Amino acid sequence: MVLVFSLSCYPFTYLSKRFSKKYNKGSVIMTKINIILGSSREASLGKNLFKYLKNNQKKYESQIDAELNFIEIGQYELPFFYESLPPMGNKHRHLPVKQQQWIDDMDSADGYIFLTPEYNHSFPAVIKNAIDYLSNQISNKAVLTMTYANNSRGGQFGGLELNAVLTRLNAFVIPQNVAISNVQKNFDEDGHFLEDAPSKDFYEKKLNQSIKKISFYSNLFKNNQFEQ
Ligand SMILES: Cc1cc2nc3c(=O)[nH]c(=O)nc-3n(C[C@H](O)[C@H](O)[C@H](O)COP(=O)(O)O)c2cc1C
């Protein structure tokens, strides 16, 4: 009897959950994930991968309990960090609009994907500079590092170094970077797979899975904060 009642209610419960998810989309309640392009080069190959993720935004969002927000580190035109006090504990910061915008954009997200190339066995200085502007904005939040390169190694040294820095800011770095090799052979400038992309199926699945993963952990940490 109880089972019959539960089963007959299921469609309504399911629909109400779906509706509330949709209803919350775009509001402050919805979990937000920043996807951050960490190369500021005009001719960045990472931009092709970034655009691919952006082109698939709707598809990804239909599978997760989160909204995706795409930002490029270059858009904030951050000068080399120059403040007289470290951001941590400095309550009296008055910053120019774009610098404050970077901090606010990072603060308002619940999780992050950093898209980073490998520059000289590390990650680009523009990412380190941007991170130095932060204090507690990414603390206790999930981060996935996605590395890429124009060769078969996929930029993994860059990811290892970036993860160490993110950990210092108390972010929960998801183990195992996602590495995308030969980015120029797989994605075109409009953010689509090239016709002769050698790893289309593999990366299609891998990227889809990565979005689900960061969404899962962003929600997990958002909804389960350790009480100090
Ligand atoms: C300054 C610089 C340093 C680089 N160092 C490395 C490196 O150490 N290892 C590597 O695999 N690729 C290296 N590369 C090649 C990059 O993987 C490739 O240029 C990639 O496209 C860079 O990303 P971007 O185009 O989005 O800036 C380097 C590229 C640049 C511009």
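Two residues are taken to be in contact if their C-beta atoms, placed from the backbone, lie within 7 Å. With that in mind, select L166, in helix α6 (residues 156-168), and look for its partners: leaving aside neighbours within four places in sequence, L166 is in contact with V143, A171 and V173. The C-alpha atoms of L166 and V143 are separated by 8.1 Å, although the two residues are 23 apart along the chain. L166 counts as buried, because it has 21 C-beta neighbours inside 10 Å.

Before going further, colour the chain by confidence, as this is a predicted model. The protein chain averages a pLDDT of 90, and 88% of the residues score at least 70. Over residues 1-23, however, the pLDDT is below 50, and beyond near neighbours in sequence this stretch has one contact in the model. Where pLDDT is low, the predicted coordinates should not be read in detail.

Of its 228 residues, 33% count as buried. Among contacts between residues at least 6 apart in sequence, 80% join residues at least 24 apart.

Next, select the largest nonpolar core, a set of 47 residues in which L49, I113, F114, L115 and V143 touch the most other members. Strand β4 (residues 142-148) gives this core its largest share, five residues. Centre the view on L115: not counting residues up to four places away in sequence, L115 touches I35, I36, L37, G38, G46, L49, F50, M146 and Y148.

Move on to helix α4 (residues 97-107), and look along its axis. Which residues of α4 are buried? They are Q99, W102 and M106, and because they cover an arc of only 55° around the axis, they lie on the same side of α4. An α-helix has 3.6 residues a turn, so residues three or four places apart point the same way. On the other side of α4, V97 and D104 are exposed. The cover over the buried residues of α4 includes β1 (32-37) and α5 (125-132).

Show the ligand next, together with the 15 residues that surround it, the closest being S39, S44, G46, P117 and A149. The residues of this shell divide into four nonpolar, eight polar and three charged.

Finish with two backbone details in loops. Most residues other than glycine have a negative phi. N120, in the loop between β3 (111-117) and α5, has a positive phi, near 50°, and counts as exposed because it has 9 C-beta neighbours inside 10 Å. N182, in the loop between β6 (178-180) and α7 (183-186), likewise has a positive phi, near 45°; with 18 C-beta neighbours inside 10 Å, N182 counts as partly exposed.

How values were computed. Residues numbered from 1 in each chain as written. Predicted model: local features only at pLDDT ≥ 70, side-chain atom pairs only at ≥ 80, totals over all residues. Near = placed C-beta within 6 Å. Nonpolar A, V, L, I, M, F, W, Y, C, P; charged D, E, K, R; others polar. Buried ≥ 20, exposed ≤ 12 C-beta atoms within 10 Å, placed from the backbone. Helix = DSSP H or I, 4+ residues; strand = E, 2+ residues; numbered from the N terminus. Arc of directions from axis to C-beta. pLDDT = per-residue confidence, 0-100. Core = buried A, V, L, I, M, F, W, Y, C linked by C-beta atoms within 7 Å.
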